[in-house]
Structure formats: structure tokens, C-alpha cells
Amino acid sequence: MAYNDDQLGYWAFAYQAGGHILTADRTQAGYTNPGSVKGIEFYVNMQKEDWCPDQTFFAETTPNTAFFSEMGAMYMEGTWNLPQWMKSYPDMRGKWDIAKLPKCTDPIEDGESLDKEGRATMSNGLCYATGAHGKKLEAALDVIKYFGTEEAQRIQGESGAAIPAYLGTEETWRSAFSSYEEQLNLDVCFDQFDYAIQAVYNSASPKWKSQVLDELNKAYNGDQDLTTSLENMQSIVNTETAKKLAKIQREGT
């Protein structure tokens, strides 16, 4: 199911095909890069197949709902949701599993390509933060400091909330599934660490992220061709990023 999403959608396909969403320095978009075009075109064009629902369907039915209702056979999902789905859909246990995204056999590589031999998956790391001027700032900072310790990361992993980032605690996440007789192939998640791409953001992302998805939706809906959408997406990201960088520079002088 090829629904209009970035992290759980076309991003990985762009990187697999040798493209990129942002340059390594995060200052320019890569939507018109030949590899990006190849990967995104493949993903978007899946909707043209009889077996793939269109975006009107996804506006009313989430991909996971379609999957666990046995209306859809495969979709992209984040590891953080897997414990929840095992708990929420007991009748489906043993009927589903996880697999690696098939590789791109002929990526178009250039200086920005990550040279992962056609493999890519997205990894979205999170962090803890607090207000800079809170009344209980010291207490908040102490809590945040604890959250980053090995003990806290083990608790996070064992709860199933997310795979911990603290080195050596990753495997604790498996324990969230230990109570189920039906087991998922969790090795898949860990095998993909070798070619995982950090989720693509820069300081201007809050300004361009939704605009880009709206622009891509026009191609999905047939309101404009994909080439035009990608060119507009390139312009949106570059414009918003340039404005943000200029503002940062003004404030720093």
C-alpha cells in the first residue's frame, strides 16, 4: 500500500535508488536528483496498479487498519508500533510478520548517494527536551539526564516504546514480545541498522514538510504530473531553507 507519507513512504525509495531528500549539509533539496526521481516515481506509480488503493481510500482508512482488517497485504510501519499491534489485534497473531524492503537493483548514484547497494530504510531518532526558562529547569534537566542513562534506556526498551539508542541496550526491546506464543522476525529490524538513514529534517522542516506532501498529493490525484510536483517540492524546500538560514544569520550578527 503506497500511501502519501515521507518517513513511512517515499523517502526510503528515493535513497534506495541513489537519491536524497536533502544534501549532506541540509541546505538544499534533492527531489529533482535522478535517483530521487527514479525512487519516488516507482513508489507513486504503484498506485496505478489494480491492487494498490488510492489516496482517497487512505483519507478514510489508515494503512494499519486496512492491513489488520485483511484488506491490504503489505505496508510500511515503524518498529515503535509493533508491540501495540501485537496487543491490539490478538486474532491476527501468527498471520502476519515483518520483512526487509526489497532493494533497488540499479540505483543511480552520484556524489550525494550513500553507496548502500540499493538498500535503505528510515530511522527516526528522538530526543528529550525542556523549556529553556522553566520554573523547575534544574529538576527537568535532572530528569532528562536520567532518561539518557543505561538504566532508563533499558526500561524504555523493555516497555516496547522504542528501540533504545543507548549502545548495548538495543536487544531489550525484544522482551516486549516475549509473552506472545506467536513471534515476529525481529531480526529484520536489527539487520537494517547497517543501512538505516536518519530521518530527513533541517531547521526549516516545520515550514516545508506539509507543503511538500500537499504538492506530492497533486501528482497522486492526477492534478499535475510528477515532474512538476517534484520541481515544486524542490523549490519549496530550497526557498524555506534559505529563508531560515538567512534569519539565523541575521540573529547571529
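The accessible surface of the protein, calculated by the Shrake-Rupley method with a 1.4 Å probe, amounts to about 14400 Å², and 51% of it belongs to carbon and sulfur atoms. The structure is a predicted model, in which local features need pLDDT of at least 70 and side-chain atom pairs count only at pLDDT 80 or more, whereas totals for chains, interfaces and linings use all residues. Residues are numbered from 1 along each chain as its sequence is written, and side-chain values use heavy atoms, with hydrogens and water left out.

Ten helices and two strands make up the elements of the protein, where helices (H or I, at least four residues) and strands (E, at least two) are DSSP runs numbered from the N terminus. Their order from the N terminus is α-α-α-α-α-β-α-α-α-β-α-α. The radius of gyration, taken over C-alpha atoms, is 20 Å, close to the 18 Å given for 253 residues by the globule rule, so the protein is as compact as a globular protein of that length; the rule itself is 2.2 Å times the number of residues to the power 0.38. Of the contacts (heavy atoms within 4.5 Å) with a separation of 6 or more, 61% are accounted for by residues 24 or more positions apart.

Of the 253 residues, 42% count as buried, that is, under 20% relative accessible area with a 1.4 Å probe and protein chains only.

Within helix 1 lies Ala14, which counts as buried at 0% relative accessibility. Not counting residues up to four places away in sequence, Ala14 touches Gly19, His20, Ile21, Gly35, Ser36, Gly39 and Ile40. Ile40 in turn touches Tyr10, Ala14, Tyr31, Leu216, Leu226 and Leu230, with residues up to four places away in sequence again not counted.

How values were computed. Buried < 20%, exposed > 50% of the residue type's maximum accessible area, 1.4 Å probe, protein only.
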